[in-house]
Amino acid sequence: MGYRVVVVGATGNVGREMLNILAERQFPADEVVVLASRKSMGTEVSFGDTTLTTKDLDTFDFTGYDIAFFAVGSDATKKYAPVAAKQGCVVIDNSSLYRYDPDVPLVVPEVNPEAVEGYTKKNIIANPNCSTAQMVVALKPLHDRAKIKRVVVSTYQSVSGSGKDAIDELWNQTKGVYVPGQEVAPKAYPKQIAFNVIPHIDVFMDSGDTKEEWKMVAETKKIVDPSIKVTATCVRVPVFVGHSESINVEFEDFLDEDEARDILREAPGCMVIDKREDGGYVTPIECVGDFATFISRIRQDSTIDNGLNMWVVSDNLRKGAALNAVQIAETLGARCLKKG
Ligand SMILES: NC(=O)c1ccc[n+]([C@@H]2O[C@H](COP(=O)([O-])OP(=O)(O)OC[C@H]3O[C@@H](n4cnc5c(N)ncnc54)[C@H](OP(=O)(O)O)[C@@H]3O)[C@@H](O)[C@H]2O)c1
């Protein structure tokens, strides 16, 4: 006997990837229902070898369903997630709405799987920001060995992190640069993204940081350790899928680069590709469709006593969203929500 599962936002980037991953990992589902806005009613989406027909979220009754993966924006989540939770369905939410709520666990299963057990307070579990998820998978095993004091991270984030309209904008703007009369003005972003980079993701805060940068700080503290100091600069780049991060870590204890490499080779969810030769590292194109968080360019930072640099790349629609959500459901199933 398996679970009755709902995917909310099934026509979006994350929702579609969620369906791929549920099928690939053979998640024990007896039934999968797909929901989106009314305008998408009847739209067909792929689930393994079959197709499912999208229903309207607004009129759906979650009673009797076990797990709802929410992959809609915060506004729709605010309206519908509490309804689903109240109707007895555990919500695993991809938006940022509940991530900082002390009554909602924020979970990366390789890092803090035990936290899922706190889901009962609101019947909701939050999935972290895409940039945080891949970073903490790489940081946690190193923190366990040498205790991280401070992290300086710069991100190179793909446009799929901003939804399907942003993917279209990069595609059409890139073509438009070459075809007179077909130029595409920026809409999803404040400046042209084709052939450009934009040091601005989410809204500006009073501190001068953007909300995306603040999320990486707050979420790392909640998931790994509140004592870790993080400073981030988040940048959008003209890449379709795959976020990259340049991460500088300062530890309390000395950690040799070879030992760090060995620790990460053994760590759950991590894949070390680190050869000091042409192409001996991973780029975003190579991580697309993969489950792993790839770590390259591991090296000592000789400007401080206990420092390391590394390059971390992962598929933002997978580890940064859909895969992590499905792993949360698997963890929930193993620890709390037994079936059969
Ligand atoms: N992309 C990433 O890397 C990433 C990573 C982590 C978290 N997230 C979060 O995941 C969520 C989804 O992101 P996405 O990239 O998949 O966005 P997207 O491609 O723009 O898709 C949005 C989905 O939400 C549905 N939707 C929007 N408003 C709705 C409403 N009022 N009622 C019902 N359905 C509604 C859309 O349905 P229609 O097609 O009918 O409009 C579509 O299925 C967001 O909260 C995002 O912040 C994304």
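**Figure 1. Cys-287, a buried cysteine of the predicted model.** At a relative accessible area of 0%, Cys-287 counts as buried, a term for values under 20%, with exposed meaning over 50% and partly exposed in between (1.4 Å probe, protein chains only). The closest cysteine sulfur to that of Cys-287 belongs to Cys-130 and lies 12 Å away, too far for a bond. This is a predicted model, in which local features need pLDDT of at least 70 and side-chain atom pairs count only at pLDDT 80 or more, while totals for chains, interfaces and linings use all residues. Residues are numbered from 1 along each chain as its sequence is written, and side-chain values use heavy atoms, with hydrogens and water left out.

Figure 2. The structure holds 0 disulfides, a disulfide being a pair of cysteine sulfur atoms within 2.5 Å. Cys-130 is in no disulfide, and its nearest cysteine sulfur, that of Cys-234, is 8.9 Å away. Cys-130 is buried, with a relative accessible area of 11%.

**Figure 3. The packing of helices α3 and α5.** Two packed helices are described by the angle between their axes and the distance between the axes. Helix α3 (residues 130-146) packs against helix α5 (residues 211-223) at an angle of about 40°, and their axes are 9 Å apart. Helices (H or I, at least four residues) and strands (E, at least two) are DSSP runs, numbered from the N terminus. Axes are lines fitted to C-alpha atoms, for helices over the stretch in contact, and angles run from 0 to 180 degrees between N-to-C directions. The two helices, α3 and α5, are therefore oblique to each other; angles under 35 degrees count as roughly parallel, over 145 as roughly antiparallel, 65 to 115 as roughly perpendicular and the rest as oblique.

**Figure 4. Residues at the contact of α3 with α5.** On the α3 side, the contact includes Cys-130, Met-135 and Leu-139, and on the α5 side it includes Met-216, Glu-219 and Ile-223; contact means heavy atoms within 4.5 Å.

**Figure 5. Asn-123, a residue with positive phi.** Asn-123 is not a glycine, yet it has a positive phi of about 65°. It is found in the loop between β7 (90-93) and β8 (124-126). Asn-123 is buried, with a relative accessible area of 16%.

**Figure 6. Lys-147, a further residue with positive phi.** Lys-147 has a positive phi of about 55°, although it is not a glycine. The loop between α3 and β9 (148-157) holds Lys-147. With 32% relative accessibility, Lys-147 counts as partly exposed.
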